[in-house]
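Let's take a walk through this chain together. Have a look at the sequence and the 3D view, and then we'll go through it piece by piece.

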Amino acid sequence: MKITTIPQKNIGIAVSKKPDSACVDKNCPYHGTIRVRGMQFTGTVLSASAQKTVTVSWERKYFVKKYDRYQRRYTKVLAHNPKCINAQLGDIVRIAETRPLSKGKHFVVIEVTGRAKHEELDQMVSLQQERSERKKGKLQDEKAKGDQ
Ligand SMILES: [Zn+2]
């Protein structure tokens, strides 16, 4: 027997737009078997190149006592991106916590709420690239040291 319609579950969180299409992803909160519980965040999709996974980032404020001011810092997490939601690079998404889906992934995208402004996205992407390059450089330095 072939199942033609997959029932959509109520995920227990009020969302403004439920997915229009169904999917066969077992890690989808609407059509699969995972439950969402815990923390919820809103962030921008920094990378959507992986399969069914997006990198979501958002800004937070960090207080620096010495200067009595706030510094901008960014949080970056991996989130599951089911086919029925299909978030793209630059989308503003809401994510909710779920059980660990892989080593570093324990969030799932529950809805797309809009698009980030180009400048903001560019800024975030360049920041991320800069950081990863710095990290790479550090690794190479360490390797060079080890070779000596
Ligand atoms: Zn789905």
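In the hairpin of β1 and β2, 5 residues sit between the strands, and Lys 52 takes a positive phi near 55° there. A quick word on what you're looking at: this is a predicted model, where local features need pLDDT of at least 70 and side-chain atom pairs count only at pLDDT 80 or more, while totals for chains, interfaces and linings use all residues. Residues are numbered from 1 along each chain as its sequence is written.

What elements does the chain have? There are 1 helix and 5 strands, and from the N terminus on they run β-β-β-β-β-α. The radius of gyration is 19 Å, well over the 15 Å that the globule rule gives for 148 residues, so the chain is more spread out than a compact globule. (That radius is taken over C-alpha atoms, and the rule is 2.2 Å times the number of residues to the power 0.38.) Helices (H or I, at least four residues) and strands (E, at least two) are DSSP runs, numbered from the N terminus.

Now for the sheet. The 5 strands close into a barrel in the order β1-β2-β3-β5-β4, with mixed pairing. Neighbouring strands are turned by 50° against each other on average, direction ignored. Two strands pair if DSSP finds at least two bridges between them.

| Strands | Sense | Bridges |
|---|---|---|
| β2 and β3 | antiparallel | 12 bridges |
| β1 and β4 | antiparallel | 6 bridges |
| β1 and β2 | antiparallel | 3 bridges |

Phe 63 stands opposite Tyr 70 in β3, Thr 44 stands opposite Ser 57 in β2, and Gly 43 has Val 93 in β4 as its bridge partner.

What about the helix, α1? Residues 118-147 make up its 30 residues, and it reaches 43 Å from first C-alpha to last, close to the 44 Å expected at 1.5 Å a residue. The expected span is 1.5 Å times one less than the number of residues. Is α1 mostly in the open or mostly buried? Of its 30 residues the number buried is 1, so it lies largely in the open. "Buried" here needs 20 or more other C-beta atoms within 10 Å of a residue's own, with C-beta atoms placed from the backbone. Over the chain, buried residues make up 22% of the 148.

Next, the inside. The largest nonpolar core has 20 residues, and among those with the most contacts inside it are Val 56, Val 93 and Ile 95. Such a core is a set of buried Ala, Val, Leu, Ile, Met, Phe, Trp, Tyr and Cys residues joined through C-beta atoms within 7 Å. β1, β2, β4 and β5 each give two or more residues to this core, and the largest share, 5 residues, comes from β5. In soluble globular proteins, nonpolar side chains tend to be buried together.

Let's zoom in on Ile 95, which has its place in strand β4 (residues 91-102). Why does Ile 95 count as buried? Because it has 26 C-beta neighbours inside 10 Å. Leaving aside neighbours within four places in sequence, Ile 95 is in contact with residues including Phe 41, Val 56, Ala 79 and Val 109. Contact means C-beta atoms, placed from the backbone, within 7 Å. On the same terms, the contacts of Val 93 include Gly 43, Val 56, Ala 87 and Val 109.

Notes:
A residue is buried if 20 or more other C-beta atoms lie within 10 Å of its own, exposed if 12 or fewer, and partly exposed in between; C-beta atoms are placed from the backbone. Two residues are in contact if their C-beta atoms, placed from the backbone, lie within 7 Å. Axes are lines fitted to C-alpha atoms, for helices over the stretch in contact, and angles run from 0 to 180 degrees between N-to-C directions.
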